[in-house]
Amino acid sequence: MSYAYLFKYIIIGDTGVGKSCLLLQFTDKRFQPVHDLTIGVEFGARMITIEKKQIKLQIWDTAGQEAFRSITRSYYRGAAGALLVYDITRRDTFNHLTTWLEDARQHSNSNMVIMLIGNKSDLEGRREVKKEEGEAFAQEHGLVFMETSAKTADNVEDAFINTAKEIYDKIQDGVFDINNEANGIKIGPQQANTSPGGGNPSGNTQSGGCC
Amino acid sequence: MTTSAGILAFHTREAVKVKARVSAATLHRRSQLAPSDPPPAEWRRFSVDPQITTFEVLQNLLAKAFDIKGDFTIHYLAKDDEGKETYLGLLSDWDLDAAFLSSSMPCLNLLIDLKPFDEGLEGWDVITPADLVKPPLVSHVRNNAQQTGNFLMQQMERTLKSFSKVLRGPELSGYLNGVTERYRASKPPMSRREWQNFLDCEGRLIQPQELRRSVFRGGIEPSLRNIVWKHVLNVYPDDYTKDQRIQYLKRQSNEYYKLKATWTDMQKQGIVTEEMQYIMNMVSKDVLRTDRTHRFYAGSDDNKNVAKLYYILTTFALNHPSVSYCQGMSDLASPMLVTMNDEAQAYICFVALMQRLKPNFNINGLAITEKFAHLSLLLQHYDPEFFEYLKMNGADDLLYCYRWLLLELKREFSFDDALCMLEVLWSSLPPSPPEKELPLYEIRFGKDSAHPQSPRVLTRENPYTKVRRIRKQSSSSSLLCGTPKVHNGVIVNEPDNDESRRSSLNEITDDSQDYNPISDSIAHELRMDLENLNKTVLGNTKDATPQQFTFDNIIEEGNTLLENDGPWKQRKTCQGFCGTPDEQCELDFDSVEGETTQNHGSRRNLSCQSSLDRRRSGSSTSASTSASSHSDLVQEKADDSDYEDDHHAYRSKAPPTRSEGYCSEATLSSKEVSCQEDSRSVLDSGVLDFSRKSRSLLPPPGQLGGSNPFMMFLCLTLLLQHRDVIIRKRMDYNELAMHFDKMVRKHNVHKVLHETRIRFEEYLRLGWEASWEELV
Amino acid sequence: MVDALSKDLMERSFKERRSFAQRQRDVEDIIERHPDKVPCVIERYRNEKSLPPLDRSKFLVPDYLTFGELGRIIRKRLELHPHQTFFLLINQRNMAAVSKTMAEVYASEKDEDGYLYIVYASQEVFGSDRLESAEAEDGAA
């Protein structure tokens, strides 16, 4: 299927916060309680529509234990969007956010859109991190924030799609150099004529600037 | 081998589909006489290569397919001149040929009739066609050695075909389930009886290498696993009698329970250190997500086996601060617990396994990086087109293979299949028993012991490591050099460095001779027949068994990635043959200058010669290997002209007399001469280049994959089995990675093992400097 | 008592266990029903210690099989691995050429009772004098 843009996402956060489950819910619309722990990186994809354009999301679901960071760090640079996930029922996962964020900022391109996700919102009875705390953290670091439940699918779509919208907006505003694939954005086979710098001759994918 | 089928009629088709069933009369008869043992009533379908399938081979196939122990007749469905269908008898190669020609489209339809059961056969062991096993058609395979182009793949395809036509062993009925006839291993899984043949009267394992060969070829019967795995995993010190092993296990088990009690007691007393807390958290999260669909761990979260796994991993982590607990360990420990079904023994086996795998969990990631580099090398080498494709899609970093490398592919197959794969993988490695007793801890954990905490626990923040840098240098020529070099803990790129190439080639002289490679048993059997059971050879082989491998050396150095002391560094001196490293150096230089090897009494020459012998007796790259063993001797000269000179010099000398070498059963001058003549015919082909190129570019067995070359070939096989669909569908990085992710637990273990064995054996036969025996 | 008896039975050779007349009858019987097969008695050589015993001693072997092929089949029955040496001896002294068919071997070597007697051992034994001296050493090593 053709797409106007392809955005590469990564999902990061402590082990066991529900990264793989978020991915599965988003790509497959299902929740699997018995799921292997992630080793290295696992991959998912889905097509969404933003302003009538087809956007393909390529999602890289990373392992949470820091021993793997040395490998997954290599993915930060090529990502346009990141979902930074913590578990609302475990405070330590919230406390580690700073580390994750620093990691992300250090190794990714500075325009990467990061969304903060407080997952497992269905487990209200075991909540350890208040929603306000999440909001505050997000505000402090300039992130969009959402609480989700991979189990009930609550807010999962929005999480991914809103991130994509942010990226799309940035493209419209010319913030992203979309010709540099290292930014995690790829132009699809059919080019939209709303790319910055004016329209391009239809059908051709051109590298480098226009005209 | 020429078959009558081949002489009589030239079959252009490569495969004929066959479907066969047992006649109704036979079914009826059998059900009356042996109601508890009915043969299958349904069709069996398979394919045969008409060029190499004789009547006898077909009989064997059918006997196996229907588990027939007695005599039987075969009829095939044919159309007579009037177009009427009739069954004609199949009694000979002639008949079979006619059947192939006239009645095999769309498939050859066969009817099996068992000869009447004979009650009077009580007490008689009836030997039937089913018992007779023909060796694979190795000469047929050799005839194709001239082909250029994708030589290796073509060889493999031929070998695959010849393997697929021959079945062996009488105990295959259970084996048939789910295993396509093409991919059966070359021997049935090790039975209790066979296992006992490896032990002396006091239960000592007298042939550890033989044991590994057998497991490598066919695996182990599930009921025997808990016993044999402990040997293959190097749990026991060498030479223990059965009683000693029993006592040893008791001692070690007690030790485990003590280690476990240390921290569980602390916990009960409310003393929980930060380290304990961290590890317990990590482990409990992970065991709840490990193999939970397997019946052993299924059900609610308080499954006792899940708990056992938790205890094993936590005890390990606390007592091995150099690695502590790391994600992936639960996948590795899980099969131990399922197989041993005993918490302490599972712990012991896990510790034994981790002796080898610890480097993979090192925070610096160097061991894994090396494996990536080697896999990349293999891929470039065996399938440059696919590698280019990956490169174009930025997928040549192979990071989607990470899980394969870390977990030794355990998750790529269903659990039971993974057990088959793991034991084959483990037995591809040389034995390396502990010197004394297997240490169950690095530093004993306790509330009073003041030992350093695991670095993993202490540091939350890791510096940006070398791994990313190395992996992202995908087109770096450091890959071509093989193993990245480490200086002062920093990996340095040495593009096209002569020195590094020399040193990596030089490893051939020592590492691979430690290596216990494995190849085809059938060649051995054939040789046995031809030589009329030459006692001398066999006797000598026993006596000349090589010394204990010092494999540990290699592992250690694998850890540090070859801190390079210089090109001529010898890690191991030969036993009495090669003398000092300096002497060996001189020998190297001599051969460089074009003298033939015959003047040197070095072990290297013997193995070269014996590798020649082995080639003759029937492996597919025999001729190429003779050339490549020669190239081994001229490793320094990369340019063709010198090579050719040496090559001619080598050719013209008479073969040396063979002295004692522990290589092989093959022997004797007349055969050597014929070998050389054979090799001459192939030397001019592209085969020569391929193998020579292989040897100069690929790391030797002792290095490849951090001394786990078979695993690298497993990974290569997985990649190559999917390369067509990947390219055809023009998958991009994400898509192909997802494709492999979807294959988790779904790969066909027999197909994968089959292809891997073939490639691996081809690789070993490239003539690494080694005095290794072919797997027979 | 029973144990001693069965042990005794086990140690007695085939010929010792059945009378000549019985053996002759057995062979005639089986040959009538299976004329294309050679009736063989295959036993472990008396002093052989390292090779395992066979489950059965009477074998019906297709007459077109070669002697070498029979050897391979017996090896498989015993589940030996390639390094274990194994030799078949006819009438306790001959190693027939591996390429001879069983029919040929039977014709020249069959016993009076009609069986073809074969033993297997892990050491090559040439000639009866060697075998006799091996028997003499019995119990010494």
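1. A quick definition before anything else: two strands pair here if DSSP finds at least two bridges between them. Helices (H or I, at least four residues) and strands (E, at least two) are DSSP runs, numbered from the N terminus. Please keep in mind that this is a predicted model, where local features need pLDDT of at least 70, side-chain atom pairs count only at pLDDT 80 or more, and totals for chains, interfaces and linings use all residues. Residues are numbered from 1 along each chain as its sequence is written, with chains lettered from A and ligands numbered from 1 in the order in which they are written.

2. Chain B has an open sheet of five strands in the order β2-β1-β5-β3-β4, with mixed pairing. At its edges stand β2 (44–48) and β4 (85–90) of chain B; each has a single partner strand, so one side of each is left without a neighbour in the sheet. On average, neighbouring strands of this sheet are turned by 35 degrees against each other, direction ignored. (Axes are lines fitted to C-alpha atoms, for helices over the stretch in contact, and angles run from 0 to 180 degrees between N-to-C directions.)

3. Staying with that sheet, β1 (residues 16–22) of chain B pairs with β2(B) in the antiparallel sense over five bridges. B:Val16 has B:Val48 in β2(B) as its bridge partner. Helix α4 (residues 93–103) of chain B packs on the sheet and touches β1, β3 (72–79), β4 and β5 (108–114) of chain B, its direction making about 30 degrees with that of β3(B). Contact between two residues means that their C-beta atoms, placed from the backbone, lie within 7 Å.

4. C:Val41 stands opposite C:Tyr117 in β4(C) and has C:Lys58 as its bridge partner in β2(C). C:Arg44 is bridged to C:Tyr120 in β4(C). Six of the eight residues of β1(C) are buried, so the strand is largely enclosed by the rest of the structure. (Buried means 20 or more other C-beta atoms within 10 Å of a residue's own, C-beta atoms being placed from the backbone.)

5. In chain A, look at α1 (residues 19–28): eight of its 10 residues are buried, including A:Cys21, A:Leu22 and A:Phe26. The buried residues of α1(A) pack against β1 (5–13), β2 (41–50), β3 (53–62), β4 (81–87), β5 (113–119) and α6 (156–172) of chain A. After α1(A) comes A:Lys29, with a positive phi near 55 degrees.

Note on methods. A residue is buried if 20 or more other C-beta atoms lie within 10 Å of its own, exposed if 12 or fewer, and partly exposed in between; C-beta atoms are placed from the backbone.
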